Amino acid sequence: MHRAGLAYLGARRAATSLPERLRDMRFTKMHLVVGGAAALVVAIGVSIVLGNLPGGGAGDDAENAALLYNDGRALPADFPGTHTALADLIYAELETRYGITADQLYDEAARPDGYRVVLTLDKALQDAAEDASGQTGVAAIEPGTGAVLCYAGTDPETGADLVGAASPHPPAAVFDMITAATALEAGASIESWWADDDVDVTLAQAVSDGHDGAMDTVAGEYGVETVLDLANGMGLTAIADAEGTVRDLGSGDYAGLTASDLGTYPVPVVDMASVYATIAAGGKYAETHFVGAVLDSSDREIEPAQDVRTNQALADTTAQDLQYIGLGESEAIEDRDFFGVAADFHGQTTESWFVGAIPQLSVAAWANGAAADAGGVSLWRNVIDTAIEANGYEAEDLPGASGAGEDLTAGLGDDGSVDPSGEYCQANPDDAACTGSSSPSESESSSSAEETTEEPEPDPTTSEPEEPDPTTSEPEETTSECTSWPFC
């Protein structure tokens with residue numbers, strides 16, 4: 001059904017260069033830092049909104065627009081019309097968190113004193129994501145804050161949103177990180193063992209090598225409710241069932257969903273970016289949001305009625321181990337650590353995914369049909385490369401495996417037994433379950449019982465019957481070599 005792979009060794013795609021005025025703005029901010037924290041807060045607040053930083057900054061356009069990028073520059077005037085689904089999400093968030101409706105926003109003619117909204121969208125990343133053609137969807141989220149830095153993907157034929165819950169897609173192996181997180185949270189280690197269709201593998205191998213059967217075993221061990229409850233806590237808000245009905249995971253309605261089919265139930269692209277952002281943030285979930293600030297006509301920031309929700313969804317050791325499992329080749333993106341999973345789903349068409357993160361940014365990329373020929377990784381790389389260049393993200397090392405959890409073997413068989421000829425015993429030949437001496441006390445008691453029952457028979461006889469004694473002791477040696485495990 002799908003495949004998974006962690007490393008991408010292709011040539012680095014050239015990043016989009018920044019406009020000169022954005023470089024000037026960053027330069028000014030750096031100087032403001034020297035002036036002190038208080039001056040920095042005031043200066044950035046005024047400069048981003050009004051666009052009066054030296055060198056141009058956001059320019060006069062920022063003053064005359066309802067929606068602004070996160071650097072203060074105005075979105076195109078036709079943005080709400082060309083990005084209908086995204087605009088609807090922004091307006092819905094404004095009403096929920098601020099109690100403000102779209103007809104209260106700035107309009108030069110009708111409402112010159114209306115509110116202006118500074119969005120979380122990064123212009124450089126949004127432009128890079130929109131460079132893609134065909135059926136594609138890309139979302140980038142900042143770990144720890146939940147800020148959406150880019151959200152792009154519209155069906156070229158129908159105009160449907162391809163990134164959100166309205167058009168989810170089968171996740172294939174990119175869902176495996178959630179299933180693995182369930183096992184780790186339950187106390188298993190990355191070296192716990194699980195039965196695949198024809199081999200036994202560790203949890204780390206099951207994810208990194210794309211062993212569907214093993215991941216189904218893991219999901220079945222803990223149950224679909226447990227997996228999806230954790231998924232919801234990590235940022236997955238919706239999932240579609242086999243009939244295509246989208247379920248709100250917050251409602252807890254999992255009826256009819258099965259553990260073995262979790263990789264086939266469609267999920268939103270933006271939610272997978274959120275899930276991996278939670279992993280990148282050390283297990284901290286932050287609610288996905290598009291609104292960074294709302295300003296009144298006097299350039300004062302309006303306090304939201306509802307803050308962005310955050311919670312510790314995973315133990316930090318779980319997040320650390322998931323990063324280790326998904327660790328990619330550092331040569332792929334400028335000698336820096338990243339983690340991610342690539343997957344293809346083969347249905348009526350081939351759908352290609354790559355979801356992964358560096359410590360500063362999580363990106364989910366999906367492509368379908370002809371757009372999937374290059375794989376989701378090319379879309380992911382374009383956004384990640386642009387972000388590194390535009391935002392100056394420094395390379396950070398991931399911490400490596402935590403060593404937490406137990407090296408369980410319960411997932412190898414329905415009765416918890418271990419096959420002495422299987423992969424587990426090949427990797428752990430000294431384990432008692434593999435040597436046939438898992439119950440030595442039982443073997444000893446059995447042999448001693450044989451001795452006590454056989455000894456009385458030859459005692460009354462003469463010394464002649466004592467000759468068979470060596471022969472009777474020889475079978476005892478052969479029976480000690482267990483050839484019918486686990487009955488020894």
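**View 1. Strands S3 and S14 in the predicted model.** Strand S3 (residues 136–141) is joined to strand S14 (residues 361–368) by 6 bridges, and the two run antiparallel; strands are DSSP runs of E with at least two residues, helices are runs of H or I with at least four, and both are numbered from the N terminus. Within this pairing, Ala139 stands opposite Ala364 in S14. This is a predicted model, in which local features need pLDDT of at least 70 and side-chain atom pairs count only at pLDDT 80 or more, whereas totals for chains, interfaces and linings use all residues. Residues are numbered from 1 along each chain as its sequence is written, and side-chain values use heavy atoms, with hydrogens and water left out.

**View 2. The open sheet around S3.** The sheet has 5 strands in the order S4-S3-S14-S13-S12, with antiparallel pairing, where two strands pair if DSSP finds at least two bridges between them. Its edge strands, S4 (148–152) and S12 (339–346), each pair on one side only.

**View 3. The hairpin of S3 and S4.** These strands run antiparallel, joined by 4 bridges, and Val138 stands opposite Ala152 in S4. The hairpin has 6 residues between its strands, and Gly144 in the turn has a positive phi of about 90°.

**View 4. Burial of S3.** Because 6 of the 6 residues of S3 are buried, the strand is largely enclosed by the rest of the structure; buried means under 20% relative accessible area, with a 1.4 Å probe and protein chains only. In a regular strand the side chains alternate between the two faces of the sheet. Here both faces are covered, with Thr136, Val138 and Ala140 buried on one side and Gly137, Ala139 and Ile141 buried on the other.

**View 5. Helix H6 and the residue that follows.** In helix H6 (residues 176–185), 9 of the 10 residues are buried, so the helix is largely enclosed by the rest of the structure. The buried residues include Asp176, Met177, Ile178 and Leu184. Just after H6, Gly187 takes a positive phi of about 110°.

**View 6. Lining of the largest pocket.** The largest pocket is lined by 25 residues, of which Leu89, Thr237, Glu287, Thr288 and Phe290 lie nearest its centre; a pocket is an open set of points on a 1 Å grid over the protein atoms alone, where a 1.4 Å probe fits, with protein on both sides within 12 Å along at least five of seven lines, and lining residues have an atom within 4 Å of a point. Helix H4 gives the largest share of this lining, 6 residues.

Technical notes
Buried < 20%, exposed > 50% of the residue type's maximum accessible area, 1.4 Å probe, protein only.
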